[in-house]
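This briefing is meant to be read with the sequence and the 3D view open side by side. Please follow each point on the model as you go.

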Amino acid sequence: QLTGYEHEEVLGENPRILKSGKNPAGLYLNMWDTISSGKVWQGEMINRRKDGSEYFEEMTITPLVQPNGTITHFIAIKQDISDRKRAEEALKLAHEQAVESNRMKTQLLAHVSHDMRTPLSAIIGYTEMLQANVYGEIPVEQKNVLTEIQDSANQLLLFVNNLIGQAQFETGKILLKPKYFFVEELVEACRDSVTYSANRKGLQMQYEIDPSLEQAIYGDPYWLRQILLNLANNAVKYTHQGLVKVRLFCPDQQHWTMEVADTGIGISKEAQETVFEPFRQVDGSKTREYGGSGLGLSIVKELTDLMGGQISLVSWPGVGSTFSVSFPYIEKRA
Ligand code: ADP
């Protein structure tokens, strides 16, 4: 049935009538070596039916060894596995296509994000110059409009930088460029970009730098800023009244910490387990009140891990949340 031959046609024939010519010579050599030394051979090969069509065969060949040690027969148990092979091939192809399209998605993400960052920097830069009266005195109402533009552009920049970070993580291309820098720079960046949104919501914004952190410290200021901006931005976004406090301090002599505390909606115990996963939001429904992509905290987590840091979250629904990220402290001494 498997081969399409009748009983009479194959009696006395050699199994080589099934040869398709599609198998490597080494396969037969290995098979004959194995079975003629009295061992069982298991394998797959492509054979040809009487009508010329080919099929995948899986087989086990057992030599029949007589009491005097001679081999008189071989018993082969064979199975047509063409369907399984086809399914395996289709699966392999689908997998390759999925990997390829994921790679292209990541590449597109990286390119688009890069191309967005350049014009965004120009928008932010020129807005700042207008604000600073570089192009002449500007009336207050127009300054307010400029602040709105600046705020929106900063939000967009944070998001674009998160996308770039995510794409770099996916391709393993994220590179840290650590150097000595002053922690005030981090707080400044935060002050520039979140204070306005906080004030507009009537929230109080507080910044505190522990005096023991006044020396330059060692780290990648670009990605550290991205961590702090994400945490502070979330704190403002998920708080309706009260206070957002950004604090930089040394919990002990070997570490330094960035802490962002808010009096916002808080995060339930169950949700605290998943908020650091990519694209995860506590309330993922379409009617969700807050915007966002669910990317911020996963970037924060990945960056913190990469920098050898630790992240901790204490939060109570309806009371508020405190996110802290701690890093090994390498201080530059004068
Ligand atoms: P998103 O773009 O949705 O803000 P994040 O990854 O930054 O994505 O955060 C994931 C989820 O964690 C948010 O959707 C929100 O539900 C919750 N979350 C993050 N920060 C806070 C916070 N300070 N207070 C309350 N919930 C928060």
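Helices (H or I, at least four residues) and strands (E, at least two) are DSSP runs, numbered from the N terminus. Ser-324, for example, lies in strand S10. The model is predicted, and local features need pLDDT of at least 70, side-chain atom pairs count only at pLDDT 80 or more, while totals for chains, interfaces and linings use all residues. Residues are numbered from 1 along each chain as its sequence is written, and side-chain values use heavy atoms, with hydrogens and water left out.

**The sheet**

- Strands of a sheet pair through backbone hydrogen bonds, either parallel or antiparallel.
- Five strands make up an open sheet with mixed pairing, in the order S5-S7-S8-S10-S9, where two strands pair if DSSP finds at least two bridges between them.
- The edges are taken by strand S5 (204-209) and strand S9 (310-316), and because each has a single partner strand, one side of each is left without a neighbour in the sheet.
- From one strand to the next, the twist averages 15°, with axes being lines fitted to C-alpha atoms, for helices over the stretch in contact, and angles running from 0 to 180 degrees between N-to-C directions.
- Helix H6 (residues 221-237) packs on the sheet and touches S5, strand S7 (243-252), S8 and S10, while its direction makes about 20° with that of S8; contact here means heavy atoms within 4.5 Å.

**How the strands pair**

- S5 and S7 run parallel and are joined by six bridges, and Ile-209 has Leu-248 in S7 as its bridge partner.
- S7 and S8 pair in the antiparallel sense over seven bridges, and they form a hairpin with two residues between them.
- Within this pairing, Lys-245 stands opposite Ala-261 in S8.
- Strand S8 (residues 255-262) and strand S10 (residues 320-328) run antiparallel, joined by seven bridges, and the partner of Val-260 in S10 is Phe-323.

**Two residues in their surroundings**

- Ser-324 is buried, since its relative accessible area is 12%; buried means under 20% relative accessible area, exposed over 50%, and partly exposed in between (1.4 Å probe, protein chains only).
- Apart from neighbours within four places in sequence, Ser-324 is in contact with Thr-257, Met-258, Glu-259, Gln-310, Ile-311 and Ser-312.
- Gln-168 is found in helix H4 and counts as partly exposed, because its relative accessibility is 22%.
- Not counting residues up to four places away in sequence, Gln-168 touches Lys-173, Ile-174, Leu-175 and Trp-223.
- Although Gln-168 and Leu-109 are 59 residues apart along the chain, their C-alpha atoms are separated by 9.5 Å.

**Salt bridges**

- The whole structure contains 18 salt bridges, a salt bridge being a side-chain nitrogen of Lys or Arg within 4 Å of a carboxyl oxygen of Asp or Glu.
- Asp-151 forms a salt bridge with Arg-200, with the closest N and O atoms 3.0 Å apart. Because Asp-151 lies in helix H4 and Arg-200 in helix H5 (residues 184-200), the pair ties together parts that are 49 residues apart in sequence.
- Asp-151 is buried at 5% relative accessible area, whereas Arg-200 is partly exposed at 47%.
- The side chains of Glu-208 and Lys-245 also meet in a salt bridge (3.1 Å, N to O). Glu-208 lies in strand S5 and Lys-245 in strand S7, so parts that are 37 residues apart in sequence are tied together.
- Glu-208 is partly exposed, with a relative accessible area of 34%, and Lys-245 is partly exposed too, with 25%.
- Salt bridges that share partners link Glu-44, Glu-58, Arg-84, Lys-85 and Glu-88 into one network.

**A nonpolar patch on the surface**

- Leu-108, Val-112, Met-116, Leu-156 and Phe-159 form a nonpolar patch on the surface, with about 410 Å² of accessible area together.
- Helix H3 (82-131) and helix H4 (140-170) are the elements that give two or more residues to this patch, and the largest share, three residues, comes from H3.
- Patches are made of residues with over 30% relative accessible area and no salt bridge, with like charges joined within 9 Å and nonpolar side chains (Val, Leu, Ile, Met, Phe, Trp, Tyr) within 5 Å; accessible areas come from the Shrake-Rupley method with a 1.4 Å probe, and for residues, only the protein chains shown count as cover.
- Val-112 lies in helix H3 and counts as partly exposed, because its relative accessibility is 40%.
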